[in-house]
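Student: I would like to learn how to read some features of a model. Please start with the terms.

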Amino acid sequence: MNRNTSIQELRDYHDYWDILIIGGGATGLGCAVDAANRGYKTLLLDMHDFAKGTSSRSTKLVHGGVRYLQQGDVSLVIEALQERGLLIQNAPHLVTHQSFIVPSYKWWNGPFYGVGLKVYDALAGKLGLKKSKNLSKEKTLEKIPTLEPEGLSGGVIYYDGQFDDSRLAINLAQTAVDQGGTLLNYMKVTELIKNGMGYIEGVKARDMLNGEDYEINARVVVNATGIFSDSIMEMDDFEHQQMIQCAQGIHLVLDKEFLPGDSAIMVPQTDDGRVLFAVPWHGKVIVGTTDTPIKKPTLEPVALEEEIEFILKHAKEYLTKDPLRADVKSVFAGLRPLVKPEDAKSTSEISRSHHLQVSRSGLVTIAGGKWTTYRNMAEDTIDKSIAVAGLEFNKCKTRKLRIHGWLKNVDRDDHLHVYGSDMVALKNLISEKAEYEDKIHPDLPYLKGEVIWALRNELAVTIDDILARRTRALFLNAKAAIETAPVVAELIAQEFGYDKAWQEQEVKEFIDTAKNYVLE
Ligand SMILES: Cc1cc2nc3c(=O)[nH]c(=O)nc-3n(C[C@H](O)[C@H](O)[C@H](O)COP(=O)(O)OP(=O)(O)OC[C@H]3O[C@@H](n4cnc5c(N)ncnc54)[C@H](O)[C@@H]3O)c2cc1C
(Lines give C-alpha, C1' and ligand atoms only; values in the text may rest on other atoms or scores of the structure.)
Protein backbone atom coordinates (compact mmCIF):
# COMPACT_ATOMS: atom_id res chain seq x y z
CA MET A 1 0.00 0.00 0.00
CA ASN A 2 1.28 3.41 -0.88
CA ARG A 3 -0.52 6.69 -0.16
CA ASN A 4 0.90 8.57 -3.17
CA THR A 5 -0.29 5.80 -5.49
CA SER A 6 -3.79 5.93 -3.98
CA ILE A 7 -3.91 9.74 -4.26
CA GLN A 8 -2.84 9.47 -7.89
CA GLU A 9 -5.56 6.86 -8.53
CA LEU A 10 -8.09 9.25 -7.01
CA ARG A 11 -6.89 12.16 -9.17
CA ASP A 12 -6.75 10.09 -12.36
CA TYR A 13 -10.22 8.54 -12.05
CA HIS A 14 -12.86 10.89 -13.48
CA ASP A 15 -15.76 8.43 -13.64
CA TYR A 16 -18.16 7.24 -10.92
CA TRP A 17 -16.67 4.86 -8.36
CA ASP A 18 -19.05 1.92 -8.03
CA ILE A 19 -18.94 1.80 -4.23
CA LEU A 20 -17.49 4.49 -1.95
CA ILE A 21 -17.07 3.55 1.70
CA ILE A 22 -16.66 6.10 4.49
CA GLY A 23 -14.78 4.66 7.49
CA GLY A 24 -11.75 2.39 7.76
CA GLY A 25 -12.53 0.39 10.89
CA ALA A 26 -13.46 -3.30 10.87
CA THR A 27 -16.83 -2.59 9.23
CA GLY A 28 -15.65 -0.32 6.41
CA LEU A 29 -12.55 -2.39 5.67
CA GLY A 30 -14.66 -5.55 5.50
CA CYS A 31 -16.94 -3.76 3.00
CA ALA A 32 -13.94 -2.64 0.91
CA VAL A 33 -12.57 -6.19 0.76
CA ASP A 34 -15.95 -7.61 -0.23
CA ALA A 35 -16.75 -4.93 -2.85
CA ALA A 36 -13.31 -5.05 -4.48
CA ASN A 37 -13.32 -8.86 -4.44
CA ARG A 38 -16.67 -8.89 -6.27
CA GLY A 39 -15.03 -6.76 -8.98
CA TYR A 40 -16.57 -3.36 -8.20
CA LYS A 41 -14.52 -0.16 -8.51
CA THR A 42 -14.09 0.52 -4.79
CA LEU A 43 -12.86 3.51 -2.81
CA LEU A 44 -12.53 3.72 0.99
CA LEU A 45 -11.76 6.93 2.89
CA ASP A 46 -10.93 7.28 6.58
CA MET A 47 -10.54 10.65 8.28
CA HIS A 48 -7.74 9.36 10.51
CA ASP A 49 -5.78 6.12 10.44
CA PHE A 50 -7.33 2.70 9.77
CA ALA A 51 -8.65 1.25 13.06
CA LYS A 52 -7.90 4.46 14.98
CA GLY A 53 -11.48 4.28 16.32
CA THR A 54 -13.11 1.36 18.11
CA SER A 55 -11.42 -1.29 15.97
CA SER A 56 -8.04 -1.11 17.76
CA ARG A 57 -9.59 -1.03 21.25
CA SER A 58 -11.44 -4.33 21.54
CA THR A 59 -10.93 -7.20 24.00
CA LYS A 60 -9.20 -8.99 21.06
CA LEU A 61 -11.67 -11.89 21.04
CA VAL A 62 -13.03 -13.61 17.97
CA HIS A 63 -15.94 -15.10 19.79
CA GLY A 64 -19.56 -16.16 19.71
CA GLY A 65 -20.11 -14.30 22.97
CA VAL A 66 -21.03 -16.47 25.96
CA ARG A 67 -22.75 -13.42 27.44
CA TYR A 68 -25.09 -13.09 24.46
CA LEU A 69 -26.09 -16.70 24.98
CA GLN A 70 -26.92 -15.84 28.61
CA GLN A 71 -29.03 -12.97 27.26
CA GLY A 72 -30.83 -15.34 24.89
CA ASP A 73 -29.50 -13.68 21.67
CA VAL A 74 -29.02 -17.09 20.02
CA SER A 75 -29.05 -15.83 16.43
CA LEU A 76 -26.15 -13.44 17.15
CA VAL A 77 -24.20 -16.27 18.84
CA ILE A 78 -24.72 -18.60 15.87
CA GLU A 79 -23.70 -15.86 13.40
CA ALA A 80 -20.60 -14.99 15.45
CA LEU A 81 -19.56 -18.63 15.95
CA GLN A 82 -19.80 -19.21 12.19
CA GLU A 83 -17.72 -16.10 11.52
CA ARG A 84 -15.21 -17.13 14.21
CA GLY A 85 -14.68 -20.41 12.34
CA LEU A 86 -14.24 -18.64 8.98
CA LEU A 87 -11.82 -16.05 10.35
CA ILE A 88 -9.63 -18.73 11.94
CA GLN A 89 -9.42 -20.33 8.49
CA ASN A 90 -8.89 -17.09 6.57
CA ALA A 91 -6.34 -15.36 8.85
CA PRO A 92 -4.55 -18.16 10.76
CA HIS A 93 -1.47 -15.96 11.29
CA LEU A 94 -3.52 -13.53 13.39
CA VAL A 95 -6.30 -15.57 14.98
CA THR A 96 -5.48 -18.24 17.56
CA HIS A 97 -7.45 -20.76 19.58
CA GLN A 98 -7.63 -19.50 23.14
CA SER A 99 -8.68 -21.58 26.15
CA PHE A 100 -10.85 -19.82 28.74
CA ILE A 101 -11.58 -21.00 32.24
CA VAL A 102 -14.77 -20.08 34.03
CA PRO A 103 -13.91 -20.52 37.72
CA SER A 104 -16.64 -21.89 40.01
CA TYR A 105 -16.99 -20.34 43.44
CA LYS A 106 -20.60 -21.41 44.01
CA TRP A 107 -21.65 -25.08 43.98
CA TRP A 108 -24.06 -24.57 41.06
CA ASN A 109 -21.57 -22.64 38.84
CA GLY A 110 -19.87 -25.77 37.44
CA PRO A 111 -23.00 -27.64 36.27
CA PHE A 112 -24.73 -24.40 35.15
CA TYR A 113 -21.89 -23.05 32.99
CA GLY A 114 -20.88 -26.58 31.99
CA VAL A 115 -24.28 -27.10 30.33
CA GLY A 116 -24.35 -23.57 28.87
CA LEU A 117 -20.94 -24.04 27.29
CA LYS A 118 -21.97 -27.39 25.79
CA VAL A 119 -24.78 -25.48 24.04
CA TYR A 120 -22.19 -22.89 22.94
CA ASP A 121 -20.02 -25.70 21.48
CA ALA A 122 -23.01 -27.21 19.69
CA LEU A 123 -24.10 -23.91 18.12
CA ALA A 124 -20.73 -23.66 16.33
CA GLY A 125 -21.58 -26.81 14.35
CA LYS A 126 -18.89 -27.92 11.90
CA LEU A 127 -16.82 -24.81 12.57
CA GLY A 128 -16.49 -25.64 16.28
CA LEU A 129 -13.20 -25.62 18.22
CA LYS A 130 -12.19 -28.06 20.99
CA LYS A 131 -15.07 -29.12 23.24
CA SER A 132 -15.61 -27.53 26.64
CA LYS A 133 -15.37 -29.64 29.81
CA ASN A 134 -15.68 -29.39 33.58
CA LEU A 135 -12.47 -29.30 35.60
CA SER A 136 -11.71 -30.24 39.20
CA LYS A 137 -10.32 -27.63 41.57
CA GLU A 138 -6.81 -29.12 41.18
CA LYS A 139 -6.96 -29.09 37.37
CA THR A 140 -8.31 -25.53 37.39
CA LEU A 141 -5.41 -24.36 39.57
CA GLU A 142 -2.95 -26.28 37.43
CA LYS A 143 -4.14 -24.28 34.42
CA ILE A 144 -4.27 -20.97 36.30
CA PRO A 145 -1.95 -21.12 39.33
CA THR A 146 -2.68 -17.48 40.25
CA LEU A 147 -6.44 -18.00 40.52
CA GLU A 148 -7.80 -17.27 44.02
CA PRO A 149 -8.08 -20.78 45.58
CA GLU A 150 -10.29 -19.84 48.56
CA GLY A 151 -13.83 -21.07 47.96
CA LEU A 152 -12.91 -22.43 44.50
CA SER A 153 -14.71 -25.68 43.71
CA GLY A 154 -13.50 -26.19 40.11
CA GLY A 155 -14.07 -24.67 36.73
CA VAL A 156 -15.18 -25.12 33.14
CA ILE A 157 -12.75 -24.86 30.24
CA TYR A 158 -13.97 -23.73 26.81
CA TYR A 159 -12.37 -22.38 23.62
CA ASP A 160 -12.78 -19.23 21.55
CA GLY A 161 -10.64 -17.22 19.13
CA GLN A 162 -8.23 -14.44 19.93
CA PHE A 163 -6.57 -11.95 17.58
CA ASP A 164 -4.71 -8.71 17.09
CA ASP A 165 -7.42 -6.25 16.08
CA SER A 166 -5.47 -3.42 14.43
CA ARG A 167 -3.09 -5.84 12.66
CA LEU A 168 -6.15 -7.55 11.17
CA ALA A 169 -7.44 -4.13 10.10
CA ILE A 170 -4.16 -3.39 8.30
CA ASN A 171 -4.25 -6.82 6.66
CA LEU A 172 -7.84 -6.20 5.54
CA ALA A 173 -6.79 -2.89 4.00
CA GLN A 174 -3.99 -4.74 2.17
CA THR A 175 -6.43 -7.43 1.04
CA ALA A 176 -8.76 -4.78 -0.39
CA VAL A 177 -5.83 -3.23 -2.28
CA ASP A 178 -4.71 -6.68 -3.47
CA GLN A 179 -8.25 -7.08 -4.87
CA GLY A 180 -8.03 -3.79 -6.80
CA GLY A 181 -9.57 -1.38 -4.26
CA THR A 182 -8.25 2.11 -3.51
CA LEU A 183 -7.91 3.04 0.16
CA LEU A 184 -6.87 6.28 1.81
CA ASN A 185 -6.33 7.12 5.43
CA TYR A 186 -6.30 10.77 6.59
CA MET A 187 -9.03 11.68 4.08
CA LYS A 188 -12.13 13.09 5.78
CA VAL A 189 -15.55 13.15 4.18
CA THR A 190 -16.89 16.65 4.80
CA GLU A 191 -20.07 16.69 2.71
CA LEU A 192 -22.35 14.45 0.65
CA ILE A 193 -23.01 15.50 -2.95
CA LYS A 194 -26.61 15.13 -4.15
CA ASN A 195 -28.13 15.46 -7.61
CA GLY A 196 -31.18 17.57 -8.50
CA MET A 197 -33.51 14.74 -7.44
CA GLY A 198 -31.93 14.58 -3.99
CA TYR A 199 -30.05 11.31 -4.56
CA ILE A 200 -26.50 10.99 -3.28
CA GLU A 201 -23.96 10.84 -6.08
CA GLY A 202 -20.68 11.34 -4.27
CA VAL A 203 -18.79 13.08 -1.47
CA LYS A 204 -16.53 16.01 -0.80
CA ALA A 205 -13.40 14.99 1.08
CA ARG A 206 -10.37 16.73 2.56
CA ASP A 207 -6.84 15.37 2.71
CA MET A 208 -6.05 15.89 6.41
CA LEU A 209 -2.30 15.88 5.72
CA ASN A 210 -2.23 18.85 3.31
CA GLY A 211 -5.73 20.37 3.34
CA GLU A 212 -6.43 19.57 -0.32
CA ASP A 213 -10.13 19.14 -1.18
CA TYR A 214 -11.63 16.57 -3.54
CA GLU A 215 -15.05 16.03 -5.13
CA ILE A 216 -15.60 12.35 -5.77
CA ASN A 217 -18.49 10.74 -7.65
CA ALA A 218 -19.91 7.39 -6.61
CA ARG A 219 -22.90 5.25 -7.56
CA VAL A 220 -23.47 4.42 -3.88
CA VAL A 221 -22.01 5.72 -0.64
CA VAL A 222 -21.67 3.46 2.41
CA ASN A 223 -21.56 5.03 5.86
CA ALA A 224 -19.39 2.70 8.00
CA THR A 225 -18.23 5.26 10.53
CA GLY A 226 -19.10 3.43 13.77
CA ILE A 227 -19.60 5.90 16.62
CA PHE A 228 -19.64 8.74 14.03
CA SER A 229 -22.51 7.26 11.97
CA ASP A 230 -24.89 10.01 13.08
CA SER A 231 -22.60 12.76 11.78
CA ILE A 232 -22.73 11.34 8.23
CA MET A 233 -26.50 10.76 8.52
CA GLU A 234 -26.86 14.42 9.54
CA MET A 235 -24.99 15.44 6.36
CA ASP A 236 -27.67 13.47 4.50
CA ASP A 237 -30.67 14.74 6.47
CA PHE A 238 -30.35 17.66 8.87
CA GLU A 239 -33.45 16.44 10.74
CA HIS A 240 -31.84 13.04 11.46
CA GLN A 241 -32.47 11.79 15.02
CA GLN A 242 -29.46 10.38 16.86
CA MET A 243 -29.24 6.61 16.40
CA ILE A 244 -25.93 5.64 18.04
CA GLN A 245 -25.40 5.18 21.76
CA CYS A 246 -21.68 5.07 22.63
CA ALA A 247 -20.80 2.61 25.39
CA GLN A 248 -17.27 2.83 26.73
CA GLY A 249 -15.25 -0.23 27.67
CA ILE A 250 -11.78 -0.06 29.18
CA HIS A 251 -8.94 -2.55 29.64
CA LEU A 252 -5.95 -2.65 31.94
CA VAL A 253 -2.76 -4.31 30.72
CA LEU A 254 -0.65 -6.20 33.26
CA ASP A 255 2.54 -8.22 33.19
CA LYS A 256 2.20 -11.94 32.47
CA GLU A 257 3.15 -12.89 36.06
CA PHE A 258 -0.45 -12.03 37.06
CA LEU A 259 -1.75 -14.76 34.74
CA PRO A 260 1.01 -17.20 33.83
CA GLY A 261 0.21 -20.10 31.51
CA ASP A 262 -1.86 -20.15 28.35
CA SER A 263 -5.42 -19.98 29.66
CA ALA A 264 -7.60 -16.92 30.05
CA ILE A 265 -10.13 -16.30 32.82
CA MET A 266 -13.74 -15.53 32.01
CA VAL A 267 -16.05 -14.39 34.81
CA PRO A 268 -19.58 -14.50 33.32
CA GLN A 269 -21.14 -12.39 36.03
CA THR A 270 -19.38 -10.03 38.38
CA ASP A 271 -21.38 -8.83 41.39
CA ASP A 272 -22.93 -6.06 39.29
CA GLY A 273 -23.80 -8.40 36.43
CA ARG A 274 -20.96 -7.63 33.98
CA VAL A 275 -18.54 -9.99 32.24
CA LEU A 276 -14.85 -9.83 33.10
CA PHE A 277 -12.01 -11.24 31.03
CA ALA A 278 -8.31 -11.64 31.82
CA VAL A 279 -6.63 -12.76 28.60
CA PRO A 280 -2.98 -13.39 27.70
CA TRP A 281 -2.00 -11.16 24.75
CA HIS A 282 1.42 -10.51 23.20
CA GLY A 283 3.24 -11.55 26.39
CA LYS A 284 1.02 -9.46 28.70
CA VAL A 285 -2.46 -9.87 30.17
CA ILE A 286 -5.42 -7.67 29.31
CA VAL A 287 -8.17 -7.33 31.88
CA GLY A 288 -11.56 -5.81 31.09
CA THR A 289 -14.08 -4.57 30.40
CA THR A 290 -16.70 -2.01 31.39
CA ASP A 291 -19.91 -0.73 29.78
CA THR A 292 -20.37 2.97 30.49
CA PRO A 293 -22.76 5.15 28.44
CA ILE A 294 -20.93 8.13 26.92
CA LYS A 295 -22.65 11.11 25.27
CA LYS A 296 -20.18 12.28 22.61
CA PRO A 297 -18.15 10.18 20.18
CA THR A 298 -14.40 10.75 20.14
CA LEU A 299 -11.43 8.98 18.56
CA GLU A 300 -9.43 9.11 21.82
CA PRO A 301 -11.76 8.15 24.68
CA VAL A 302 -10.22 8.25 28.16
CA ALA A 303 -10.76 5.65 30.91
CA LEU A 304 -12.81 6.97 33.82
CA GLU A 305 -11.47 6.63 37.34
CA GLU A 306 -14.46 4.50 38.44
CA GLU A 307 -13.89 2.13 35.51
CA ILE A 308 -10.23 1.67 36.51
CA GLU A 309 -11.23 1.01 40.12
CA PHE A 310 -13.91 -1.46 39.01
CA ILE A 311 -11.42 -3.54 37.01
CA LEU A 312 -8.74 -3.43 39.72
CA LYS A 313 -11.22 -4.42 42.42
CA HIS A 314 -12.46 -7.43 40.47
CA ALA A 315 -9.00 -8.50 39.34
CA LYS A 316 -8.03 -8.56 43.03
CA GLU A 317 -11.02 -10.78 43.84
CA TYR A 318 -10.01 -13.43 41.31
CA LEU A 319 -6.19 -13.29 41.40
CA THR A 320 -3.87 -14.28 44.25
CA LYS A 321 -1.50 -11.38 43.55
CA ASP A 322 -3.39 -8.10 43.80
CA PRO A 323 -2.63 -5.80 40.85
CA LEU A 324 -1.92 -2.23 41.96
CA ARG A 325 -2.06 0.92 39.86
CA ALA A 326 1.73 0.84 39.54
CA ASP A 327 1.46 -2.62 37.93
CA VAL A 328 -0.68 -1.33 35.06
CA LYS A 329 1.40 -1.11 31.88
CA SER A 330 -1.33 0.57 29.84
CA VAL A 331 -4.98 1.52 30.13
CA PHE A 332 -7.01 1.86 26.95
CA ALA A 333 -10.62 2.80 26.30
CA GLY A 334 -12.91 2.15 23.34
CA LEU A 335 -16.46 3.17 22.44
CA ARG A 336 -18.96 0.59 21.20
CA PRO A 337 -21.20 1.96 18.44
CA LEU A 338 -24.49 0.56 19.72
CA VAL A 339 -27.72 1.12 17.84
CA LYS A 340 -30.25 2.44 20.35
CA PRO A 341 -33.54 0.64 20.77
CA GLU A 342 -36.34 2.57 22.45
CA ASP A 343 -36.55 0.39 25.54
CA ALA A 344 -33.04 -0.69 26.72
CA LYS A 345 -32.41 0.00 30.41
CA SER A 346 -28.61 -0.16 30.18
CA THR A 347 -26.04 -0.21 27.38
CA SER A 348 -25.01 -3.78 28.27
CA GLU A 349 -28.58 -4.86 27.36
CA ILE A 350 -28.42 -3.40 23.84
CA SER A 351 -28.01 -6.13 21.22
CA ARG A 352 -24.63 -6.39 19.49
CA SER A 353 -26.34 -7.42 16.23
CA HIS A 354 -25.69 -5.16 13.29
CA HIS A 355 -28.09 -2.66 11.83
CA LEU A 356 -28.30 -1.85 8.10
CA GLN A 357 -30.46 0.93 6.70
CA VAL A 358 -30.87 2.91 3.49
CA SER A 359 -31.99 6.53 3.55
CA ARG A 360 -34.39 8.10 1.05
CA SER A 361 -31.42 9.65 -0.77
CA GLY A 362 -29.63 6.29 -0.99
CA LEU A 363 -27.09 6.52 1.86
CA VAL A 364 -26.35 2.97 3.05
CA THR A 365 -25.53 2.96 6.78
CA ILE A 366 -24.09 -0.08 8.53
CA ALA A 367 -23.63 0.17 12.29
CA GLY A 368 -23.37 -1.91 15.47
CA GLY A 369 -22.17 -5.50 15.24
CA LYS A 370 -18.88 -6.98 16.39
CA TRP A 371 -15.33 -7.26 15.08
CA THR A 372 -16.00 -11.00 14.87
CA THR A 373 -18.95 -10.52 12.51
CA TYR A 374 -17.37 -7.88 10.23
CA ARG A 375 -17.35 -10.21 7.18
CA ASN A 376 -21.02 -11.04 7.40
CA MET A 377 -21.85 -7.38 8.02
CA ALA A 378 -19.91 -6.50 4.89
CA GLU A 379 -21.70 -9.18 2.85
CA ASP A 380 -25.12 -7.77 3.85
CA THR A 381 -23.95 -4.20 3.22
CA ILE A 382 -22.50 -4.82 -0.22
CA ASP A 383 -25.55 -6.90 -1.26
CA LYS A 384 -27.71 -3.90 -0.32
CA SER A 385 -25.33 -1.35 -1.91
CA ILE A 386 -25.40 -3.21 -5.24
CA ALA A 387 -29.17 -2.91 -5.28
CA VAL A 388 -29.11 0.80 -4.34
CA ALA A 389 -26.51 1.56 -7.04
CA GLY A 390 -28.25 -0.60 -9.65
CA LEU A 391 -25.04 -2.52 -10.33
CA GLU A 392 -24.99 -5.95 -11.89
CA PHE A 393 -25.15 -8.48 -9.02
CA ASN A 394 -21.93 -10.37 -8.35
CA LYS A 395 -22.05 -12.93 -5.52
CA CYS A 396 -20.06 -12.50 -2.31
CA LYS A 397 -16.96 -14.72 -2.20
CA THR A 398 -15.32 -13.71 1.07
CA ARG A 399 -16.26 -16.80 3.08
CA LYS A 400 -13.21 -18.50 1.63
CA LEU A 401 -11.06 -15.45 0.81
CA ARG A 402 -7.63 -15.63 2.43
CA ILE A 403 -6.65 -12.42 4.16
CA HIS A 404 -3.36 -10.72 3.26
CA GLY A 405 -0.52 -12.35 5.20
CA TRP A 406 -2.27 -15.74 5.32
CA LEU A 407 0.12 -18.30 6.78
CA LYS A 408 -0.54 -21.42 8.81
CA ASN A 409 1.53 -22.74 11.71
CA VAL A 410 3.30 -19.48 12.53
CA ASP A 411 5.68 -19.43 15.49
CA ARG A 412 3.78 -17.32 18.00
CA ASP A 413 6.87 -16.95 20.19
CA ASP A 414 8.40 -14.83 17.41
CA HIS A 415 6.72 -11.41 17.68
CA LEU A 416 7.05 -11.01 13.89
CA HIS A 417 4.46 -13.77 13.37
CA VAL A 418 1.71 -11.15 12.99
CA TYR A 419 3.12 -10.27 9.55
CA GLY A 420 2.34 -13.81 8.32
CA SER A 421 3.59 -14.36 4.78
CA ASP A 422 4.98 -10.78 4.67
CA MET A 423 7.61 -11.96 7.17
CA VAL A 424 10.03 -12.94 4.41
CA ALA A 425 9.94 -9.51 2.74
CA LEU A 426 10.10 -7.83 6.16
CA LYS A 427 13.17 -9.85 7.15
CA ASN A 428 14.82 -8.93 3.82
CA LEU A 429 14.21 -5.28 4.59
CA ILE A 430 15.59 -5.66 8.13
CA SER A 431 18.75 -7.21 6.72
CA GLU A 432 19.34 -4.16 4.47
CA LYS A 433 20.82 -2.05 7.28
CA ALA A 434 22.41 -3.07 10.59
CA GLU A 435 20.41 -0.34 12.38
CA TYR A 436 17.11 -1.95 11.34
CA GLU A 437 17.87 -4.92 13.61
CA ASP A 438 17.97 -2.65 16.67
CA LYS A 439 15.02 -2.62 19.05
CA ILE A 440 13.14 0.66 19.33
CA HIS A 441 13.14 0.29 23.16
CA PRO A 442 14.72 -2.28 25.52
CA ASP A 443 11.29 -3.15 27.05
CA LEU A 444 9.55 -3.62 23.70
CA PRO A 445 10.13 -6.41 21.16
CA TYR A 446 9.77 -4.16 18.09
CA LEU A 447 12.64 -3.44 15.69
CA LYS A 448 13.52 -0.26 13.80
CA GLY A 449 13.08 -2.24 10.58
CA GLU A 450 9.39 -2.74 11.46
CA VAL A 451 8.94 1.02 11.61
CA ILE A 452 10.42 1.38 8.13
CA TRP A 453 8.26 -1.49 6.90
CA ALA A 454 5.11 0.20 8.25
CA LEU A 455 6.04 3.50 6.57
CA ARG A 456 6.78 1.86 3.22
CA ASN A 457 4.10 -0.81 3.07
CA GLU A 458 1.32 -0.19 5.59
CA LEU A 459 0.33 3.47 5.05
CA ALA A 460 1.70 4.55 8.45
CA VAL A 461 2.29 8.30 8.65
CA THR A 462 2.58 9.30 12.31
CA ILE A 463 4.22 8.04 15.52
CA ASP A 464 0.76 7.08 16.77
CA ASP A 465 0.10 4.97 13.64
CA ILE A 466 3.29 3.05 14.35
CA LEU A 467 3.20 2.70 18.12
CA ALA A 468 -0.55 2.18 18.53
CA ARG A 469 -1.69 0.18 15.49
CA ARG A 470 1.20 -1.19 13.30
CA THR A 471 3.02 -2.30 16.45
CA ARG A 472 1.00 -2.43 19.68
CA ALA A 473 3.57 -0.67 21.88
CA LEU A 474 1.15 1.92 23.27
CA PHE A 475 -1.33 -0.78 24.28
CA LEU A 476 1.30 -3.03 25.86
CA ASN A 477 3.60 -0.60 27.62
CA ALA A 478 2.57 3.04 27.44
CA LYS A 479 5.62 4.42 29.29
CA ALA A 480 8.02 2.62 26.96
CA ALA A 481 6.01 3.89 23.98
CA ILE A 482 6.39 7.46 25.21
CA GLU A 483 10.12 6.97 25.79
CA THR A 484 10.66 5.63 22.29
CA ALA A 485 8.60 8.30 20.50
CA PRO A 486 11.70 10.41 19.55
CA VAL A 487 13.38 7.29 18.08
CA VAL A 488 10.33 6.61 15.90
CA ALA A 489 10.03 10.32 14.95
CA GLU A 490 13.62 10.27 13.72
CA LEU A 491 13.01 7.18 11.59
CA ILE A 492 9.90 8.78 10.05
CA ALA A 493 11.83 12.01 9.43
CA GLN A 494 14.67 10.11 7.73
CA GLU A 495 12.22 8.24 5.54
CA PHE A 496 10.02 11.21 4.54
CA GLY A 497 12.62 14.01 4.72
CA TYR A 498 11.11 15.95 7.65
CA ASP A 499 13.09 18.43 9.76
CA LYS A 500 13.79 18.68 13.51
CA ALA A 501 10.83 21.02 14.12
CA TRP A 502 8.46 18.42 12.65
CA GLN A 503 9.96 15.73 14.88
CA GLU A 504 9.54 17.84 18.03
CA GLN A 505 5.92 18.72 17.22
CA GLU A 506 5.11 15.11 16.32
CA VAL A 507 6.62 13.78 19.57
CA LYS A 508 4.67 16.38 21.57
CA GLU A 509 1.38 15.41 19.90
CA PHE A 510 2.02 11.72 20.51
CA ILE A 511 2.83 12.26 24.18
CA ASP A 512 -0.34 14.33 24.64
CA THR A 513 -2.34 11.30 23.45
CA ALA A 514 -0.20 8.61 25.08
CA LYS A 515 -0.23 10.06 28.58
CA ASN A 516 -3.87 8.98 28.89
CA TYR A 517 -2.68 5.36 28.60
CA VAL A 518 -0.38 5.70 31.62
CA LEU A 519 -1.85 5.08 35.06
CA GLU A 520 -0.30 7.21 37.79
C1 LIG B 1 -14.24 -2.16 24.81
C2 LIG B 1 -14.64 -2.92 23.60
C3 LIG B 1 -14.36 -4.28 23.50
C4 LIG B 1 -14.72 -4.99 22.37
N5 LIG B 1 -14.35 -6.27 22.26
C6 LIG B 1 -14.68 -6.98 21.16
C7 LIG B 1 -14.21 -8.30 21.02
O8 LIG B 1 -13.45 -8.81 21.84
N9 LIG B 1 -14.60 -8.98 19.92
C10 LIG B 1 -15.42 -8.45 18.98
O11 LIG B 1 -15.77 -9.14 18.04
N12 LIG B 1 -15.84 -7.16 19.06
C13 LIG B 1 -15.48 -6.42 20.11
N14 LIG B 1 -15.86 -5.11 20.23
C15 LIG B 1 -16.67 -4.52 19.16
C16 LIG B 1 -15.81 -4.08 17.95
O17 LIG B 1 -14.58 -3.57 18.36
C18 LIG B 1 -16.58 -3.05 17.14
O19 LIG B 1 -17.85 -3.57 16.81
C20 LIG B 1 -15.88 -2.68 15.84
O21 LIG B 1 -14.52 -2.40 16.05
C22 LIG B 1 -16.56 -1.46 15.22
O23 LIG B 1 -15.89 -1.15 14.02
P24 LIG B 1 -16.39 0.02 13.08
O25 LIG B 1 -15.63 -0.10 11.82
O26 LIG B 1 -17.87 -0.01 12.98
O27 LIG B 1 -16.01 1.38 13.84
P28 LIG B 1 -14.60 2.08 13.99
O29 LIG B 1 -13.51 1.13 14.19
O30 LIG B 1 -14.75 3.15 15.02
O31 LIG B 1 -14.37 2.76 12.57
C32 LIG B 1 -15.07 3.91 12.14
C33 LIG B 1 -14.11 4.74 11.30
O34 LIG B 1 -14.83 5.79 10.65
C35 LIG B 1 -13.94 6.87 10.47
N36 LIG B 1 -14.70 8.09 10.19
C37 LIG B 1 -15.61 8.70 10.98
N38 LIG B 1 -16.09 9.81 10.38
C39 LIG B 1 -15.48 9.91 9.18
C40 LIG B 1 -15.53 10.85 8.11
N41 LIG B 1 -16.30 11.93 8.16
N42 LIG B 1 -14.75 10.66 7.03
C43 LIG B 1 -13.94 9.57 6.94
N44 LIG B 1 -13.84 8.65 7.94
C45 LIG B 1 -14.60 8.81 9.05
C46 LIG B 1 -13.18 6.91 11.80
O47 LIG B 1 -11.94 7.58 11.68
C48 LIG B 1 -13.02 5.42 12.13
O49 LIG B 1 -11.75 4.92 11.74
C50 LIG B 1 -15.46 -4.34 21.33
C51 LIG B 1 -15.74 -2.98 21.43
C52 LIG B 1 -15.31 -2.27 22.54
C53 LIG B 1 -15.57 -0.81 22.61
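Tutor: Contact means heavy atoms within 4.5 Å. Helices (H or I, at least four residues) and strands (E, at least two) are DSSP runs, numbered from the N terminus. The model is predicted: local features need pLDDT of at least 70, side-chain atom pairs count only at pLDDT 80 or more, and totals for chains, interfaces and linings use all residues. Residues are numbered from 1 along each chain as its sequence is written, and side-chain values use heavy atoms, with hydrogens and water left out.

Student: Which residues of α7 and α13 meet?

Tutor: On the α7 side they are Ser166, Arg167 and Ile170, and on the α13 side Ala468, Arg469 and Arg470.

Student: How is the packing of two helices described?

Tutor: Two numbers are used, the angle between the axes and the distance between them. Axes are lines fitted to C-alpha atoms, for helices over the stretch in contact, and angles run from 0 to 180 degrees between N-to-C directions. For helix α7 (residues 165-178) and helix α13 (residues 463-470), the axes come within 8 Å and cross at roughly 110°. Angles under 35 degrees count as roughly parallel, over 145 as roughly antiparallel, 65 to 115 as roughly perpendicular and the rest as oblique. α7 and α13 are therefore roughly perpendicular to each other.

Student: At what angle do α4 and α10 pack?

Tutor: Helix α4 (residues 74-90) packs on helix α10 (residues 374-389) at about 105°, and their axes are 8 Å apart. This pair is therefore roughly perpendicular too. From α4 the contact takes Glu79, Glu83, Leu86 and Leu87, and from α10 Tyr374, Arg375 and Asn376.

Student: Now the ligand. Which residues come nearest to the ligand?

Tutor: A residue is near a molecule if one of its heavy atoms lies within 4 Å of it. There are 37 residues around the ligand, and Thr27, Asp46, Ser55, Leu61 and Thr372 come nearest. For classes, Ala, Val, Leu, Ile, Met, Phe, Trp, Tyr, Cys and Pro count as nonpolar, Asp, Glu, Lys and Arg as charged, and the others, Gly among them, as polar. The shell has 13 nonpolar, 18 polar and six charged residues.

Student: Where is the cis peptide bond?

Tutor: The cis bond joins Gly288 and Thr289, with omega about 15°. Thr289 is in the loop between β14 (284-288) and β15 (292-294).
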